[in-house]
Amino acid sequence: MHVLFIRRVFFPFWVACILTVNLYAQQTDSLSLRQLSEVEVVEKLRPVVTREAAPIQIMERVQIDRMGIHELSEVVKRFSGVTLKDYGGIGGLKTVAIRGFGTQHTAVSYDGVTITDAQSGQIDISRFSLDNIQSVSLVIGQGDEIFQSARLFASVGSLNMKTAAPLLKKSLFHIAGQVKSGSFGWVNTAVRYEQKLSSRYALTVDGDWQRADGQYPYTVEYGDSTAYEKRKNSDVRTYRMETNLYANWDKQSNLQLKGYYFDSNRGLPGSVVLYNDYQKERLQNRNAFGQAVYTKKWDQQFSLKGQAKIDYAWTRYQDFHSAYEDGQQTDIYKQKEYYLSATGLYQPVTSLSFSLAQDFFVNTLDATTPRCVFPTRYTSLTAVAAHYQTSRLSTTASLLNTFITEEFKEGEPAADRKRLSPSLSISYRILREQNLRIRFSYKDIFRTPTFNDLYYDRMGNRNLEPEKATQYNAGITWSGTIPFLAIDYLSITADGYYNEVKNKIVAIPTMFIWKMMNVGKVNVTGADINLSSRFRISPVVFLQADASYSWQEAVDRTEKDSKIYGHQIPYTPVHSGNVSVSIENPLLNITWGLTAVGERYSLAQNIEVNRMDKYIEQQIAVNRSFQLKKVTLRLQAEVLNLGNITYDVIRYYPMPGRSFRAGIKVFY
């Protein structure tokens, strides 16, 4: 069909264009000519999800605005194969796990530089704002991008955030401000300023402030009775400041300097159990980091990327209770990281490229808790990779070498760790005329025990081995257009996978206290299906439809005689999915979204008392943009949890019911 379409439509069109140019050229003696101004493409092409050898999912700024998404967690839960742990409320902790692996296996990067937490290994994604984000992507396994730091090779997958670069071609500056408000005392203000300093330098400054009392109503079942309560101690206040300096000395070299500061003070509402309304815990976080990314391309063959980062994180936990000697318990944790990375790319021919990446970083932890050993960890990562790509075949292979050593003030630290981790991915286009591809990927990786796993009070175990993870993925992808059905774009990806985790680190009871042990084993079998389409209803009206579905059996395989052998691991639904439909037109854009999560269990034993009900959550968003000379005005409103459904993501942490948000954004 596509071949016939090309022959009947595009071929005559191009023939007509060529004839027109020739006839015009013959008349140039009597006509005056005008040279068009040069057009420069400055935005890097994003990866095509159906061409990548490993599964990748992307959400751009346009989609984020159209769907009325405010938080990064709302983006993540629309990706297939992801388990989002949400402890409820606007200020609740939110972490990401991929395909049955623990949250410690997921890398989170910000403009190409990873965010880490050596203490717990978990990244709370709620502290990142979407206001200055250009795109969010999720890569499962090892993607085709090899011109990256070694750290991005060292995980089962990565959640990547890319901030918006300044666009100052026709103006010396831009400024944007927005105000949002909603249910439960939620208010959010944000401002962004872009300044062109010269032809080579530009500056952006972003800031936002957020507060909420978080006192949303919920229902709780106490046997045969139902109680109507209101969430307590769920308030939150956050501040975020970020500045970026962009230097483009020429088309071959550029530098981005980033400074970031985040401050939050929140209440920890706690779990809702048996009429227990004690909720007096507080958590305060401060995080500041500076990072630099330098890229240099000498010629068509050699490129260099350098990264540097200094990160400081401060956390204070407080529990106010008369049982403590001073009426309260206060624990303070301080983390520091010093990070350096260098990556070289060599491309001898257009279709073949090689990379060598070397990372070195130091992590420290200071705490006021008893028996803190004040550990320091030195990590060296070396990655070599090769990528070969033609119009039909794409393949990537890599090998990661890890070396970790530790020290602290007193006693013997854990033993050094060394390991080689290979990966391979292949994508092949079956038909020349159709973008129908099959793909396969394999990755062997591990995650190092965290400081808490190794040294936390009496629970830590210095003899822990790293968790070993193995991934296999096989899939089929297709993308194209169907003109006679007015489908401007349609993409379908279907992947089946098998994962295995050995030496899983779990806490088990010993004679008197719990202890961290390498006793766990988990097998994960699953499938992810993603569909994205865009229909042309009329020249000015479009319909965008996206859907994803995940089937996942993540079962315990530790001991055959155990009561939990063959049971689904906690908080992992077998079935989950989401759908969104948007209608775009000059008058008003409307988006409806639905998220469905199946039954799952809060504990390892799959019995009725641990079962959590399935739920369906819906939301609807409307927006409209106005152009007033040089000012763009955007109005948006959303209704969340449209059906006012009562549900928990984490057991005993009830989520908000129906709520409302509205906002206005001005861009000059």
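Predicted model: local features only at pLDDT ≥ 70, side-chain atom pairs only at ≥ 80, totals over all residues.
Ground rules. I number residues from 1 along each chain as its sequence is written, and side-chain values use heavy atoms, without hydrogens and water. Local features need pLDDT of at least 70 and side-chain atom pairs 80 or more, while totals for chains, interfaces and linings use all residues.

Entry 1, His 174. I found His 174 in strand β8, residues 173-182 (strands are DSSP runs of E, at least two residues, numbered from the N terminus). His 174 is buried at 16% relative accessibility (buried is under 20% relative accessible area, exposed over 50%, partly exposed in between, with a 1.4 Å probe and protein chains only). Its C-alpha atom is separated by 5.9 Å from that of Tyr 193, 19 residues apart along the chain. I also looked up Tyr 668: its backbone oxygen lies 3.2 Å from a polar atom of the His 174 side chain.

I took a salt bridge as a side-chain nitrogen of Lys or Arg within 4 Å of a carboxyl oxygen of Asp or Glu. The count by this rule is 31. One of them pairs Asp 124 with Arg 266, with the closest N and O atoms 3.5 Å apart. Asp 124 is in the loop between β5 and β6 and Arg 266 in strand β14, so the pair ties together parts 142 residues apart in sequence. Asp 124 is buried at 12%, and Arg 266 is buried at 6%.

Asp 488 is partly exposed at 28%, as is Arg 536 at 36%.

Technical notes:
Helix = DSSP H or I, 4+ residues; strand = E, 2+ residues; numbered from the N terminus. Polar contact = N/O pair within 3.5 Å; in protein donor to acceptor, adjacent residues only side chain to side chain.
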